[in-house]
Amino acid sequence: MEINFVDVGLGSCQIIHLGGRSAIVIDCGLRSDYIALQFLKKLGIVTIKRLITSHSDNDHVGGAVSILNAYQDNIEQILAVQDHKWLHTRYWQRIDYLIRNGVLQSNNVKRLEVASAAKQVWSDGRSEERR
């Protein structure tokens, strides 16, 4: 496993390379910014296990549209904080379009909520073995 903090200028993007050809993406930079997508392609990523956005500001969800377009058949789950801007983002509009056209399943899109306890969103299956 390798964690990459990708310099997307304004905004945030972390890509966790899980090994093989899969990754977890947390935030995606600006809309006009294809840096996160280019980085995924450079790593040879085929499957995105989780596409996570921490909030709906454009400098976090903007680049997610290009990732959705490139990986729409290979994203296992989308997790997003659905704040007051969520329904007005190009990111949500693209997700909605892909759901309505049968490309994404609505049960693969999950709402992240602020909670007092940490919530596990992915496991490699080995963490249970270590306990």
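Me: Is Asp 96 buried, exposed or partly exposed?
Reply: This is a predicted model, where local features need pLDDT of at least 70, side-chain atom pairs count only at pLDDT 80 or more, and totals for chains, interfaces and linings use all residues. Residues are numbered from 1 along each chain as its sequence is written, and side-chain values use heavy atoms, with hydrogens and water left out. Buried means under 20% relative accessible area, exposed over 50%, and partly exposed in between (1.4 Å probe, protein chains only). Asp 96 has 25% relative accessibility, so Asp 96 is partly exposed.

Me: Which residue does Asp 96 meet in a salt bridge?
Reply: A salt bridge puts a side-chain nitrogen of Lys or Arg within 4 Å of a carboxyl oxygen of Asp or Glu. Here the N to O distance is 3.1 Å. Both residues lie in helix α4 (residues 90-100), four residues apart, about one turn of the helix. The partner, exposed at 58% relative accessibility, is Arg 100.

Me: Why does the pair of Glu 76 and Lys 49 tie together separate parts of the sequence?
Reply: Helices (H or I, at least four residues) and strands (E, at least two) are DSSP runs, numbered from the N terminus. Glu 76 lies in strand β5 (residues 75-81), and Lys 49 lies in strand β4. The pair therefore ties together parts that are 27 residues apart in sequence.

Me: Is Arg 50 buried or exposed?
Reply: Glu 76 is partly exposed at 36% relative accessibility. Lys 49 is partly exposed too, with a relative accessible area of 21%. Arg 50 has a relative accessible area of 13%, so Arg 50 is buried.

Me: What is the strand order of the open sheet?
Reply: Two strands pair if DSSP finds at least two bridges between them. The sheet has six strands and mixed pairing. β1 (2-5) and β6 (109-112) each have a single partner strand, so they stand at the edges. The order is β1-β2-β3-β4-β5-β6.

Me: Which residue in β2 is the bridge partner of Ile 3?
Reply: Ile 3 is in strand β1. Four bridges join β1 to β2 (residues 14-19), and the two run antiparallel. The partner of Ile 3 is Ile 16.

Me: Which residue takes a positive phi in the hairpin of β2 and β3?
Reply: Five bridges join β2 to β3, which run antiparallel. One of the pairs is His 17 with Ala 23 in β3. The hairpin has two residues between the strands, and the positive phi, near 60°, belongs to Gly 20.

Me: Which residue in β4 is the bridge partner of Ile 24?
Reply: β3 is mostly covered, with four of its five residues buried. Five bridges join β3 to β4, and these strands run parallel. The partner of Ile 24 is Arg 50.
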